[in-house]
Amino acid sequence: MSDQHSFETLAIHAGNTADPLTGAVVPPIYQVSTYKQDGVGGLRGGYEYSRSANPTRTALEDNLAALEGGRRGLAFASGLAAEDCLLRTLLTPGDHVVIPNDAYGGTFRLFAKVVSRWGVEFSVADTSDVAAVRDAITPRTKAVWVETPSNPLLGITDIAAVADVARSAGARLVVDNTFASPYLQQPLALGADVVVHSTTKYMGGHSDVVGGALIVNDPGLADELAYHQNAMGAVAGPFDAWLVLRGIKTLAVRMDRHSENATKIADLLTRHPKVTQVLYPGLPEHAGHEVAAKQMKAFGGMVSFRVAGGEEAAVQVCNRAELFTLGESLGGVESLVEHPGRMTHASAAGSPLEVPADLVRLSVGIESADDLIADLTQALG
């Protein structure tokens, strides 16, 4: 499909060609492990074994590439599986990576407890400060890792500016685009080399699938990643790929509603006497607001805030919420609330990425904004 089509059209049609046998408008779930070959070495359509390639996964990967404006998409069993494949493709022992001081706890755990064991070093930098990123780069730096908006403090990084810094140092820029989704932000167009997604989140959108993705433009890097994807084997299964592909079809309309609701909730929280700080890039007072407005279509559905009374008060807000479900993850149609310090970011305790104990993180769903506001109001007391 032509990449000249609008995002909404690509989300529905890219990779979603009608089944040639039946004309089914939804790609079938090819729940199959192996394929009959047309003679020894004669692959029919390029398929031999579903770890190497599967038609349902191919449809998703083509769709992901189209939405991010990339040349190749690769789908994995989880976001961390995608990150692991990327790091083992890009790095060798002795290499160095710059990571953000505000990142998903699982990403930090991967660097601190797994990747570091085979000789890869990392430095932590405030990636919203371009000079800090430049100062953290060493002659051995092979990658700069960015989340924007970041998890859970909603920090904003100027992707184009950091891409220039990374490129001048001979390093690749990796952008985790999970919080924004390709509907709100397209890092490859801003100079990134690799886009990472947990497709579990907004791409799937319904809290019913776990998956991950990498999208790139460089054909050589794409081939290397595909080789490692097959060699390591943490691929998206056909049903999981189908669920993400289905979720993506409504991504644009969902992100519009997520952003609209989050804006209303952020406004409520800024006026609440028991809230000491609201972290949402859509607020004019947010330190990254101008950059976010430049590189994002809207500001997304994630809101974090700090509560007067400290950690126990924050925990009680989470426990008293009713419509906001207490749970990890994010990006589903239903609203979620969590305490990052005790939940998603517990692995960062005692590190430079430790999050404030009085922090509450919201994944704002697509329910009635009035109902969500009423629930938060009673939860805050």
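Trp145 is buried, with a relative accessible area of 0%; buried means under 20% relative accessible area, exposed over 50%, and partly exposed in between, computed with a 1.4 Å probe on protein chains only. The model is predicted, so local features need pLDDT of at least 70 and side-chain atom pairs count only at pLDDT 80 or more, while totals for chains, interfaces and linings use all residues. Residues are numbered from 1 along each chain as its sequence is written, and side-chain values use heavy atoms, with hydrogens and water left out.

Trp145 forms an aromatic pair with Phe111, edge-to-face, at 5.6 Å centre to centre and 85 degrees between the planes. Rings of Phe, Tyr and Trp (its six-membered ring) pair if their centres lie within 6.5 Å; planes under 30 degrees apart count as stacked, over 60 as edge-to-face and the rest as tilted. Phe111 lies in helix H4 and Trp145 in strand S4 (residues 141-147), so this pair ties together parts that are 34 residues apart in sequence. Helices (H or I, at least four residues) and strands (E, at least two) are DSSP runs, numbered from the N terminus. Phe111 is also buried, at 1% relative accessibility.

The structure holds six aromatic pairs. Another of them joins Phe108 and Phe122, whose ring centres are 6.2 Å apart and whose planes stand at 90 degrees, so this pair is edge-to-face. Because Phe108 lies in helix H4 (residues 105-114) and Phe122 in strand S3 (residues 121-125), the pair ties together parts 14 residues apart in sequence. Phe108 is buried at 9% relative accessible area, whereas Phe122 is partly exposed at 25%. Phe108, Phe111, Phe122 and Trp145 form one aromatic cluster.

Strand S6 (residues 194-198) is mostly covered, with five of its five residues buried. In a regular strand the side chains alternate between the two faces of the sheet. In S6, Val194, Val196 and Ser198 point one way and Val195 and His197 the other, and all are buried. S6 pairs with strand S5 (residues 172-176) in the parallel sense over three bridges, where two strands pair if DSSP finds at least two bridges between them. Val195 is the bridge partner of Val175. With strand S7 (residues 212-216), S6 pairs in the antiparallel sense over five bridges, and Val196 stands opposite Leu214 in S7.

In helix H12 (residues 310-320), the buried residues are Ala314, Val315, Val317 and Cys318. They cover an arc of only 155 degrees around the axis, which puts them on the same side of H12; the arc is that of the directions from the helix axis to the C-beta atoms.
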